Every structure is written in C-alpha cells, then in structure tokens.
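Visitor: I have not looked at this one before. Can you walk me through it?

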Amino acid sequence: MEPQSQNLKTAPFLTLGRFHISEDYGFLLPNPLRELPGHYSPWMEIANRLPQLIESRQLRAQVNEMPLLNCQFLTGYREWRLARLVLSFITMGYVWQDGETQPKEILPRNLALPFVEVSRNLGLPPILVHSDLVLANWATRNPGGPLEIRNLDTIISFPGGESLRGFILVTVLVEKAAVPGIKALVQAVNAILQSSPDSLLQALQRLRVSIQDITGALGQMHDYVDPDIFYAVIRIFLSGWKDNPALPAGLVYEGVSKEPLSYSGGSAAQSTILHAFDEFLGVRHSKESADFLHRMRDYMPPSHRAFLEEICVAPSLRTHVMSSGNGRLLTAYNQCVESLAALRTYHLALVTKYLITAASRAKAQRTSHLPRPPQALEERGTGGTAVVSFLKSVRDKTLETRLHPSG
C-alpha cells in the first residue's frame, strides 16, 4: 500500500460529515424525534400542552409539581436534542408566562438541573436557541412527501397559533434552501486546494443560486406570519436575560448557581448559514457587529462552530480570486457577494415590518384584542441588539467586500 501522505492531494480537505452536517438537510437535525422514553412523560405532557398552559396561566403551577428527573435514561444524540427542545420551551414559558412585567427570576431546581445537564452534554447554553426552536423542531406529516410548509409541523409550540408555526417552519425552509450553498462552499474550498478553477467557478455559481433561493424561502414569512401576532405574542418567548431590561440581573438556576446567569435570547444570528458564507467570502464586519456575531457562535452546536473554524483556516477565496487574474471567477465571486447583500437587505425589510412597523401599530392600538406587547425590547432584536442599525451595518460591510478588476 502507498503511504497515506501521498494521497493527501486527492483527499478532500473539507467534508460535511466530519461536522455532523447532513448532505440532505444541512444544519437541520435530520428526522428529529417526537417522543422521549416513558420516564420523561412528565416533561412531554407539559410540553405538549404548552400554549394552553401559558395562556391559562397554569404552566408555573404545573412545573412546580413536576418531579426532578434524572437524565441517565436518555440515549443517543436525538433523544438529548429532544430533551433540550422540551426543557428550553418549558423554561421560556415558565419565565415569561405572565409577560415582561412579572418574569420569574428563579428557575426551580426540578427544571433547572436537568436543563443545565442536557445543555452541558450538548455544549449549548441553558436557554432556547436557534438549534432548538428551528433545527430540532420540525417533522413531516407525510414522511414521503416534499419538504414544504403544508407537509411540515412543529414538535413543540408556544402561543401564537398558525403565525408561530409559520415563523418556525419558514425558517426550517430557509435552512433547507441553504443546503446546496453549504455543499457548494465545501466544493469551492476543495477546488482552491486542488487548483481547479472550473470546479471553483461552478461552486460559486451554485452558491449564488442557493443564496437567492434562501431569499425566496424567507419571503414566505409574509404568507404565514402575522406581524402583530409575532410582535405582541411570540417575541417575548424568544427573549433572553442578557441585555434585557425586563430581567436586568439575569436568571437564577436553582441548584446550579446562587448568582443569576445571563444569556441572550434567540436570534437569526445563531444560524450557522450566514456565518459560513461570511467567512468563506471574506466579509469583515464592524467591531461591534463582529463581537455580537462571534458571541452568537457560543449558541450554536459545537460541531457547527467547528465547521466555521475550519472555513476560517482554509485558504482565502478572496485572495485566490484576486491573484488568479481570472475575470470569470471575479464576476462569480462578486455575484455571490451581491446576492448575500440582497438577502440582508430583504431581511432588513422583514425586520422593519415585523418589529418597527408592528411596534408603532401596537402603540397606536391600545384597545387591540392582542396582549400588550413587551416594551423592554421594543426596537431591539430578541438577541438584544439594536437590530436595524446592526442589519444595515452587516449589509453595507457585505457590499464593501466586492472586488474591483485590476487594470
């Protein structure tokens, strides 16, 4: 047999499998479980009735009577992910059941201890994050059917009805639309290593199409999510206890820490997709935006973080395109950058509709049939950022990444 070192040229530098990223589903957890072993039925019974328990203000009483369960009967990665999904949803409901004016400042030990244990096992902070809300919270109604919203359901829900379902499942479809782009990114990295300009050009063209498809998938928010319900009902359950005036000190996890702990709420910035594209295309954000984005990586599954780190140390695409003198590569690179900036512009328009415009409408309609929306994060994202200025900044810095032909 040949020594292995002689095969390095032909071995792909980057593969998705090494980072537990699915060839079919990308960062989504493939076929998430919907049921835990019988030992955990007290958790599942509460989780399956979460919207009703929150709306009738009975969740806290139910949680207080819940037995303290040991995590030792959880087997396999997907059971741990479902346990975390269930416990993170119950936690957000428990804290915010009575709205922002009466948040719970102490999470009881029968919820805090297993939630922290499951979170440590999975390398995630003990708060609801994107990988719970979206990546592990989808199921197909007909397993053989297509991945489209009519054939999808959430596993665990909050109040918010069809708008909550739409918000989660449209985001699932955004993650699915990114899969060809993630595969193209891997192809491109390997094409640079193997000095294959044709393969690199093809990969960049595929990446551009995928980014445009992500924008198209995101557009389904308009069809399935009511801005007023998102703003007044759903948002609070995605809010954390860092940079949130409603819980300025944080949350005490009873039996874990006597001091309150602070964690950011759910944010689109916890999705690995745009981080991967930014790293690969060489987009450099302002210090404030970059600091927030890097902090959001702590809210991603460790294997997805490792994937980003691997892209960071790969040869620079931007440098390669500049030094290649290949006009077609430069054009294809710029088209990817422009498509990414257009996606960010579209996201900014969505946030304006669902946050800024909805906030002003909520103020004007004091007698609305909806609950009074939270004031603490009035024009901030659930992750705690001043969201419009942040999104404008990341969009502008993306556009600045375009290359100009020399000569």
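This is a predicted model: local features need pLDDT of at least 70, side-chain atom pairs count only at pLDDT 80 or more; totals for chains, interfaces and linings use all residues.

Visitor: Start with the core. Which residues have the most contacts inside the largest nonpolar core?
Guide: Those are W43, F158, W241, F280, L281 and F307, in a core of 134 residues.

Visitor: And which helix gives that core its largest share?
Guide: Helix α16, residues 327–364, with 15 residues. As background, nonpolar side chains in soluble globular proteins tend to be buried together.

Visitor: Take F280. What does it touch, leaving out residues up to four places away in sequence?
Guide: F280 touches L185, A188, V189, L204, L207, I311 and L317.

Visitor: Back to α16. Where is H347 found?
Guide: H347 is in helix α16. An unreviewed UniProt entry annotates H347 as "binding site".

Visitor: Is H347 buried or partly exposed?
Guide: Partly exposed, because its relative accessibility is 24% and buried means under 20%. Beyond four places in sequence, H347 touches L218, A268 and L391.

Visitor: New topic: R208. Where does that sit?
Guide: R208 is in helix α9, which covers residues 197–218. R208 is partly exposed, with a relative accessible area of 23%.

Visitor: What does R208 touch, again skipping residues up to four places away?
Guide: Q335, C336 and S339. The C-alpha atoms of R208 and Q335 are 6.6 Å apart, although 127 residues separate the two along the chain.

Visitor: Which cysteine is buried, C71 or C312?
Guide: C71 counts as buried, at 1% relative accessibility. C312 is partly exposed, at 42%.

Visitor: Last one, helix α5. How many residues does it have?
Guide: Helix α5 has 14 residues, 109–122. From first C-alpha to last, α5 reaches 19 Å, close to the 20 Å expected at 1.5 Å a residue.

Visitor: Which residues of α5 are buried?
Guide: N110, L111, A112, P114, F115, V116, V118, S119 and L122.

Visitor: And what do those buried residues pack against?
Guide: The helices α1, α3, α4 and α14, and the strands β1 and β4.

Visitor: What follows α5?
Guide: G123, whose phi is positive, near 70 degrees.

Technical notes:
Residues are numbered from 1 along each chain as its sequence is written. Side-chain values use heavy atoms; hydrogens and water are left out. Helices (H or I, at least four residues) and strands (E, at least two) are DSSP runs, numbered from the N terminus. Buried means under 20% relative accessible area, exposed over 50%, partly exposed in between (1.4 Å probe, protein chains only). Contact means heavy atoms within 4.5 Å. A nonpolar core is a set of buried Ala, Val, Leu, Ile, Met, Phe, Trp, Tyr and Cys residues joined through side-chain atoms within 4.5 Å. UniProt positions are given in the numbering used here, feature names are shortened, and annotations may be inferred rather than shown by experiment. The expected span of a helix is 1.5 Å times one less than its number of residues.
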